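Here is a short briefing on one protein, written to be read beside its sequence and structure. Keep both in view as you go through the points.

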Amino acid sequence: VGVLGATGSRFVLVFVVQFSPQTISMAASSGPSCVGVLGATGQQGGAVLRALVAKGVSVVAITRNPSSEKAKVLAGLSKVEVRQADLDDQKSLEAAFNGCDGAFVVANFWEGMDPNKEMKQYENCANALKAVGGMKHIVMSSLEDTATNPKMADAKVLLKHATGDMKVPHFDAKNRSHAFFEGLPVTFLYTSCFVENF
């Protein structure tokens, strides 16, 4: 668990990281040399991309629209290659991740607000990463499963789902997508909130 706070600005960031056994066993090895970053033109992916480039890591910025203004800016950065892929198309993800040995995975629930679609997108990502192979480390942006949280026991069920009741679907869909990454060296990064939310 990490906590960062600044009393003057009332800014608090809380995050939880959950490592898979594969990630822990690979901790002694060198990190990825080329990381495929989903959502590279967005807030989370963009921040990850900038941090990796600052550390000298090569990045494949994965976006649906490589001709967008944001993608063109990324293409002009040193150590960044922009590739096209769609989270709904596993084959395009395989092509985009080809040659990468690391990945940052994030989907956008708010585009359509459909937990089934988001879970399918995470499944496509996991299957693409397995097909590409050679991954040293994957980070998946996630959230907790609210249905299993005792503090949410009295919360209303918003969605009856095949995987179980969902009290906060955009949390639960991400967390239940962890199963797709079984066998991969993955770290689940549980974000809580962003400064932009306030």
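In helix α6, the buried residues are P169, H170, F171, D172, A173, K174, N175 and R176. That is eight of the eight residues of α6, so the helix is largely enclosed by the rest of the structure. The model is a predicted one. The buried residues of α6 pack against α5, β7 and β8.

**α6 against α5**

- Helix α5 covers residues 115-132, and helix α6 covers residues 169-176.
- The two pack at an angle of about 25°, and their axes lie 9 Å apart.
- Angles under 35 degrees count as roughly parallel, so α5 is roughly parallel to α6.
- The crossing of α5 past α6 is right-handed.
- On the α5 side, the contact is made by P115, E118, M119 and Y122.
- On the α6 side, P169, H170, A173, K174 and R176 meet them.
- By class, this contact of α5 with α6 has five nonpolar, one polar and three charged residues.

- S177 sits in the loop between α6 and β8.
- Is S177 buried or exposed? Its relative accessible area is 0%, so S177 is buried.
- Beyond residues up to four places away in sequence, S177 touches M119, Y122 and M140.
- M119 and Y122 are also among the α5 residues that meet α6.
- A147 lies in the loop between β7 and α6.
- With 30% relative accessibility, A147 counts as partly exposed.
- Setting aside neighbours within four places in sequence, A147 contacts D165, K167, D172 and R176.
- A147 and M166 are 19 residues apart in sequence, yet their C-alpha atoms are 6.0 Å apart in space.

**α4 against α5**

- Helix α5 also packs with helix α4, which spans residues 90-97.
- Here the angle is about 50°, and the axes are 8 Å apart.
- That angle makes α4 oblique to α5.
- α4 passes α5 in a right-handed crossing.
- Which residues of α4 meet α5? They are Q90, L93, E94 and F97.
- Their partners in α5 are N124, C125, N127, A128, L129, A131 and V132.
- The residues of this contact of α4 with α5 divide into seven nonpolar, three polar and one charged.

**V186 in strand β8**

- V186 belongs to strand β8, residues 186-191.
- V186 has a relative accessible area of 2% and is buried.
- Strand β7 covers residues 137-142.
- Both β7 and β8 are among the elements packed against by the buried residues of α6.

- K79 has a phi near 70°, a positive value in a residue other than glycine.
- K79 is in the loop between α3 (69-75) and β5 (80-84).
- The relative accessible area of K79 is 41%, so K79 is partly exposed.
- M113 is not a glycine either, but its phi is positive, at about 45°.
- M113 is in the loop between β6 (102-105) and α5.
- M113 has a relative accessible area of 52% and is therefore exposed.

**The whole protein**

- The protein has six helices and eight strands.
- In what order do the elements of the protein run from the N terminus? The order is β-β-α-β-α-β-α-β-α-β-α-β-α-β.
- Of the 198 residues, 40% count as buried.
- Take the contacts between residues at least 6 apart in sequence: 64% of them join residues at least 24 apart.
- The accessible surface comes to about 10600 Å².
- Carbon and sulfur atoms account for 57% of that surface.

Methods: Residues numbered from 1 in each chain as written. Predicted model: local features only at pLDDT ≥ 70, side-chain atom pairs only at ≥ 80, totals over all residues. Heavy atoms only, no water. Helix = DSSP H or I, 4+ residues; strand = E, 2+ residues; numbered from the N terminus. Buried < 20%, exposed > 50% of the residue type's maximum accessible area, 1.4 Å probe, protein only. Contact = heavy atoms within 4.5 Å. Areas by Shrake-Rupley, 256 points an atom, 1.4 Å probe, with all protein chains shown as cover. Axes fitted to C-alpha atoms, helices over the stretch in contact; angles between N-to-C directions. Parallel < 35°, antiparallel > 145°, perpendicular 65-115°, else oblique. Left-handed = near helix turned anticlockwise from the far one by under 90°. Nonpolar A, V, L, I, M, F, W, Y, C, P; charged D, E, K, R; others polar.
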